[in-house]
Each structure stands twice: as C-alpha cells, then as structure tokens.
Amino acid sequence: MLASYLTMAAILFCIGLYGAFVKRNAVVVLLSIELMLNAVNLNLVAFSKYGMIPSLTGQVFALFTIAVAAAEAAVGVAVLIALFRARGTVKADEFDELRR
Amino acid sequence: MAYERTLQSMTWADAGHMAPELILIAMMALLIIVDLVLPRRIDRSIIGWLSLASLIGSFVSVVWHIQDQADQSQESIALGLLNDNYRIDDFGAMFKLLLLTAAALIALWSLGSMKRGTRGQLDHQGEYYYLLLPATAGAMLMTSTGDLITLYTGLELLSISTYVLVGLRTKRDVALQAASSEEKVSAKPAEAAFKYVVTGGISSAFILFGMSYLYGLTGSTHVGEIGSMLTQTVDSFRGLIYMAFFFMIAGFGIKIAAAPFHAWAPDVYEGAPTPVSAFLAVISKAAAAAALFRLFYNLVFPESLSNGNTIGHDLFRAVLAVAACAMLVGTLSALRQHNMKRLLALSGVANAGYLIVPIGLSFYGAHSNNAAELFFYAAAYLFMNIGAFAVLSIVAGARDSESDDSVQLRTFEGLYHRAPWTASAMIIFVLSLAGLPISGGFFGKLFIMMGAASTHAYWLVAIMAGSSVISYYVYFGIVRQMFMRSSGDVSVHVPAASGTVVWLCAAATLVLGVYPNGLLHWFEHVFSVVNDLLVLRR
C-alpha cells in the first residue's frame, strides 16, 4: 500500500518539477510548485499511516506545509500581478530584463 | 520504538528564553500598526529607527542569555523548549549574534541610503523596515531548531519575508513607470522577486521532499531521534536515505546559492534593492549554512562513525563536491562579469563554497573545530560583504542617471580621487574578499584550509587555493578601476548612516584580520559539540 502512495507522490513531484522548469506561463509555473509541495503532503500523510513507525507527526507536518504553502502562493501571485502590471505579460520567457 | 509526546504548553520561563525572537515578532506587529496610523506625510525613517532599536534589543537579550548561562554553571546546558522542538544553546546563540549584527548594519545603512528624497527611497518604506524583522527572526529560528517542522517554519518565515523585500520598488521606478506610456517599462524588482519566488519554492519543495522520507524512515521529525533511528535502519533502506539527503542538499544548496544551484543569485541580487541583496547574501546564507551544519552533525555524523563504507562518508563527500563546484564556478563566472551587483553575487557563490566546506569535513581525531571555522568565516564574510555592498550603493548614488542595479565596474573608476576614504574602505573589503592578509577573510580562509588539510582533503585545499588565486584577478579589477583611472568629475556624497556602516564593517574586518584569536577563542570557549550542537533527547 505504501509503495503505491510513494510512487504516486514521486510522479507528482516530477510532474511539478518538469512544469516549473519548462512551462512558459508564469501562473502554471506557480501551480507546478504547488504540485511539488502537494506531493510532499501525500508522502507525509502516507508515511504517518503506513510508515515504519506510524505516528501523527506526519499529519501535523502536512498541516504546516499546507498553511505555509498557502502563504507562499499568496506572495507568489502578488508578485506576479506586480510583474504583469509592469510588463503586460505572464509569459515566463519574456521576463528577461535582468540578464541583459 | 514507542515514544510518547505530550503537549507542552509554553511557560513564561520559556518565553524568557525565546525573548530574542519574540522581541522581533512583537515589534513587527507593533510597527505594522504604527505604519498604519501614522499620517502619510510623516517620514517612515522613524519605523526604521524603531526596527533598528528592536534588532539591538534582541542582540542584547542574546548576549544577556549567554552571560546568564555562563554565570549559572561551568558547563552550559542546552535548553530544549516546547518538547525539544526549539533548542536554546550556544551554537544557536552565537549565530544569532551574527545574524542580528548583520541585520542591524543593514537597517542602519538603509536609513542612510533610502532616506526620504534620495534616489533609493522605496515606494513602501515602512513595509521594508518591518519586514526585515520577521526575516531575521526566521533566520534565527533556523539556527536553533531541534525539529524538522521548526526548521521548515523558520526557513519559510525567512523566505517569504525576503520574497516581498526583493520585490519592493523605489519611488524612481514608480515615477518612471508612470511617465512612460510604453507597454514595457523597467520591472526589475518584480522580475527578480518572481524569479526568487519560483526558485525559493522549488528549493522548499526539495527540502521538504527529503524531509518527508526521513520522517517516513524514522517515524519522527525530531532531529536527535532521526539521528539515532537512522543508524538502525540504514542497512535496509540505503537508497531512500541517499535520496532524502540528496534532495535536502540540493534544496539547501539553492538557499545558500552554492553552484550548481546558484543560477538565480545574480538575477535576484541585481533586481533587488541593494540592502536587500546584502541581506540575502549574508543572512540567508549564514542561516542556511548553520541549519545545514546542525542537521548534518545530528543526522549523518552518528552514522558515519560506524566502520566500513558508510552512507555518512558519501554524504559528506557530496557536500564537499558542491563546495568545490561553488568555489570554481563562482570565481570563474565572476571573471567575465562587469555589472558590480552581479559580480558581488558571484563572489557570494564562491564564498558560499568556502562556507560549506566545514560542513562537509567530518570530525576526525585532531580536527574538531568545524563549527568555529564556519562561525569565523561567516563573521568575516558578513562584514566584508555588507561593506562592499554599502560602498556600491554610495558609488551609485553619485550618478543621478544610474540606479544601483546598473552599476558597472567602470562606475568605480577614479573613486580614489573622488572619495579617498570610501575607496580605502573598499580596498579593505576587496582584500578580505580576495583572502589577503590583514583582513578577516584571510584568516577565515586560512582556518578552513587548515581544517581541510588536517582531514587530508588535499584536493579540496588545492581547489580553495586555486580559486582564491583566480579571484585576485577579479578583485584587483576593482582596485585598478579605483586607483589607476582618473575621472574626477562626479563627486561622491556619503550619507552619514551609510558611511558609519562602511566604517564599522571596515574596522571589524581589520580587527578580525589583526586579532582573529579573540573571536575564535570566545566561540571555542562557549561552544561544546556535545552540549550545543547535538540534539539528544533526554
């Protein structure tokens, strides 16, 4: 049972990582990061039930992660709105002012 | 292993021990309200002075705590608060002193460089000053954590506050944006902030993913328990343990900006307001390095003691590989860099490499003062880096057309003829960054090299020496610009607060270079590995 959860989480994490690196839409990039964090939550909850030594700590950890990820997403979207106002686009590959 | 956790409430005594962090958090809450009720016409510098005062207050309470411990008993015993989730010990306390010094210097410097009416004034001045406090508090949490959840919370408190700090625009940016009717206007701070949010988010996800496996294998998030459980489960789950630690090394590597995880650093440092760049360069790095140090010596070190080809040795080697890579990549890419902020960012990458060398060197017989090496180098790095960034913002302030982020190497030309004192201070920082004598940086690098040599990691010593030699070329480019060229047209105005910071940093760098033993002995006097670093469940 545990193995399937872990595989699922690993797949989610990889999809998120791929999206964060490859996707051109900045909103999707933020979404991909959330996907990675949710993969972690899945891991934590699965371990807290089926792990070597099951304990509640994992679920508490997952709650912390969810709360902090929400704060992070809020800041991320706020920054993205500021960027959109200045540049008029959300295409991540057009945010290239700094490399010049 | 069955263990029970009872819910421990926080007592007043606990609150007293956590006073340094609580002061910062309480002052942040207070300053938010002050900012809200103050009329708009009142200068927000008052909030800056208040946050500087709270940083100093917090510093005093840390010093008081160290003294109090020293008075009470010969051997200072670490305190574990909230069921050992939070450790009050001398390792954390010493690093807190560093972090608070850095934050106070940055706040003081901002009071000069972001004064009302100057070029550097931010659009949201009040927010800048009170966001410095939770960022510092988060860094302090990281240094004294005994539990993965606490570590993660501190890390995110630091990160999320700095995401916002990076994105703060100056009044000038706002005015430019309003004036131009074109669609594309300068959005450097927002772009830097976005890049930082994305890389920061990825790094947290990496760290968390690693942590989740550690939790799964040991059933605990307490650092000491994980350490003791890992030695038992290590044989059956080698692959998972490797994976957990590699994810965590990568995540912390991004936070410390060590190559190959450094690509975000030049962009973010360039776009951020200069004091915030210095904050990222010094405080984020030092806090993450301290947290990584404590994690490694609790989780990996016990396992590496057992004989044979253990996972611990491989993990230490992985950290050393990252360190070597950071030193080489940082210095080599700084060679081609002409933008000063990006150059300092890349020099920060190289310095991150030196900073994590003591983490990768395990304790071997004669060699046991890794923590002192890390601490000393972090202290030297703090002063030289904040000083260099402060000089940069002073030099940029001389030209009205330029903003901090477009300062090129040649903006420094003839600085000696325009502002001899500032140029001499810069010489001290450059010497220290390059690791030449009579500077803190020299002894910092020397101690780390001697440490590496005493553990027979000669390849690493060679890489350190090599990258130092290459870096001379980079840093002497700055010196050449300052002395050999003469273009004495633009006079340099030094704001009093920025000047004070530059001279405090220069003096501290010199003191560390002339009398390194003072700081080193003090650290070794208060610090003991067993009491202060290892988090053992009692």
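Because the model is predicted, local features need pLDDT of at least 70 and side-chain atom pairs count only at pLDDT 80 or more, whereas totals for chains, interfaces and linings use all residues, and side-chain values use heavy atoms, with hydrogens and water left out.

**Chain B as a whole**

Select chain B, which has 23 helices and two strands; helices (H or I, at least four residues) and strands (E, at least two) are DSSP runs, numbered from the N terminus. Of its 538 residues, 65% are buried, where buried means under 20% relative accessible area, exposed over 50% and partly exposed in between, with a 1.4 Å probe and protein chains only.

**Helices 8 and 11 of chain B**

Next select residues 188-218 and 264-271 of chain B, which are helix 8 and helix 11; they pack at an angle of about 145°, with their axes 8 Å apart. Axes here are lines fitted to C-alpha atoms, for helices over the stretch in contact, and angles run from 0 to 180 degrees between N-to-C directions. Among the residues of helix 8 that meet helix 11 are B:Lys188, B:Ala192 and B:Tyr196, and the helix 11 side includes B:Trp264, B:Asp267 and B:Val268; contact means heavy atoms within 4.5 Å.

Keep helix 11 of chain B selected, and see that eight of its eight residues are buried. What covers the buried residues of helix 11 includes helix 6 (148-166), helix 10 (238-256) and helix 12 (274-299) of chain B.

**Helices 16 and 18 of chain B**

Move to helix 16 of chain B and helix 18 (residues 420-434) of chain B, whose axes come within 9 Å and cross at roughly 140°.

**Where the chains meet**

Now show both chains: the contact takes 44 residues from chain A and 52 residues from chain B. Together the chains bury about 4200 Å², 73% of it on carbon and sulfur atoms, and this buried area is the accessible area (1.4 Å probe) that two parts lose on being put together, summed over both. Select A:Ile53, A:Phe61 and A:Leu98, which supply 18% of the area that chain A buries against chain B, more than any other three residues.

From there select B:Glu191, which lies in helix 8 of chain B and counts as buried because its relative accessibility is 0%. Not counting residues up to four places away in sequence, B:Glu191 touches A:Leu83, A:Arg87, A:Phe95, A:Asp96, A:Glu97 and A:Leu98.

**Chain A**

Finish with A:Phe84 in helix 3 (residues 57-87) of chain A, a residue that is partly exposed, with a relative accessible area of 42%. Leaving aside neighbours within four places in sequence, A:Phe84 is in contact with A:Thr89 and A:Val90, and its C-alpha atom is separated by 10.0 Å from that of A:Phe95, eleven residues apart along the chain.

Terms used
Residues are numbered from 1 along each chain as its sequence is written. Chains are lettered from A and ligands numbered from 1 in the order in which they are written.
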